[in-house]
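The following paragraphs go through a helix and then a set of charged pairs. Please keep the coordinates open while reading.

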Amino acid sequence: MKNINLSPLEGIEVEGFGTIAFGNMKAEVIKLLGEPSSIYGEQLFYDELELRIDLNAAGKVEFIECTYGPFCERTVPYIYGQRAFELPGEQLFALLLEKNNGRIDDSEREYGTSFLEISTGIYRSFAPADVLESIEESKAEGCYEEDKEWLEEDMAKARHYWTIGIGVENYYSS
């Protein structure tokens, strides 16, 4: 497992590779990390590092996202000294809220929040309330016992955020 330290408004440090700063050119990223697993437009995907790196129109790094949470297999993303995906969702939210010390976009609070002052965003596709609703539906339909294993897996996943991304200043404001 490789540690990845996310530094909002600055970039990331990838254990064994080095630092990628916002504003680095695509060629600098490739020199440091090697060829991406795939490229989609201006997005570089590094599956082995569980990362996505977005470039702006000038080919400079503007956004970096850890995409394999909450159960990363190859990396351990850290933010502010904490293991981002091991923190329960509410604790990660509270940490980022404290560090942000200002405006947030929480219009979809249960699924994702953008912390505008530190250009950091967190996201998950479903929240614990969604899984509880599925459990109730499954019980009402009489199939809870056969669905129980995957519902418990969903609940474990829903308790955490699944992606954490950092961007250049005002990334989430535009």
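Buried means under 20% relative accessible area, exposed over 50%, and partly exposed in between, with a 1.4 Å probe and protein chains only. This is a predicted model, in which local features need pLDDT of at least 70 and side-chain atom pairs count only at pLDDT 80 or more, while totals for chains, interfaces and linings use all residues. Residues are numbered from 1 along each chain as its sequence is written, and side-chain values use heavy atoms, with hydrogens and water left out.

Helices (H or I, at least four residues) and strands (E, at least two) are DSSP runs, numbered from the N terminus. Helix H2 covers residues 89-100. Its buried residues are Gly-89, Leu-92, Phe-93, Leu-95, Leu-96 and Asn-100. Seen down the axis of H2, they fall within an arc of 165° (taken from the directions from the helix axis to the C-beta atoms), so they line one face of the helix. After H2 comes Asn-101, with a positive phi near 50°.

A salt bridge is a side-chain nitrogen of Lys or Arg within 4 Å of a carboxyl oxygen of Asp or Glu; by this rule there are five. One of them joins Arg-103 to Glu-117, with the closest N and O atoms 2.9 Å apart. Arg-103 sits in the loop between H2 and S10, and Glu-117 in the loop between S11 and S12. Arg-103 is partly exposed at 45%, and Glu-117 is partly exposed at 33%.

Arg-124 pairs with Glu-110 at 3.9 Å between the closest N and O atoms. Here Arg-124 is buried at 2%, whereas Glu-110 is partly exposed at 37%. Shared partners join Arg-52, Asp-54 and Glu-65 into one salt-bridge network.

How values were computed:
The expected span of a helix is 1.5 Å times one less than its number of residues.
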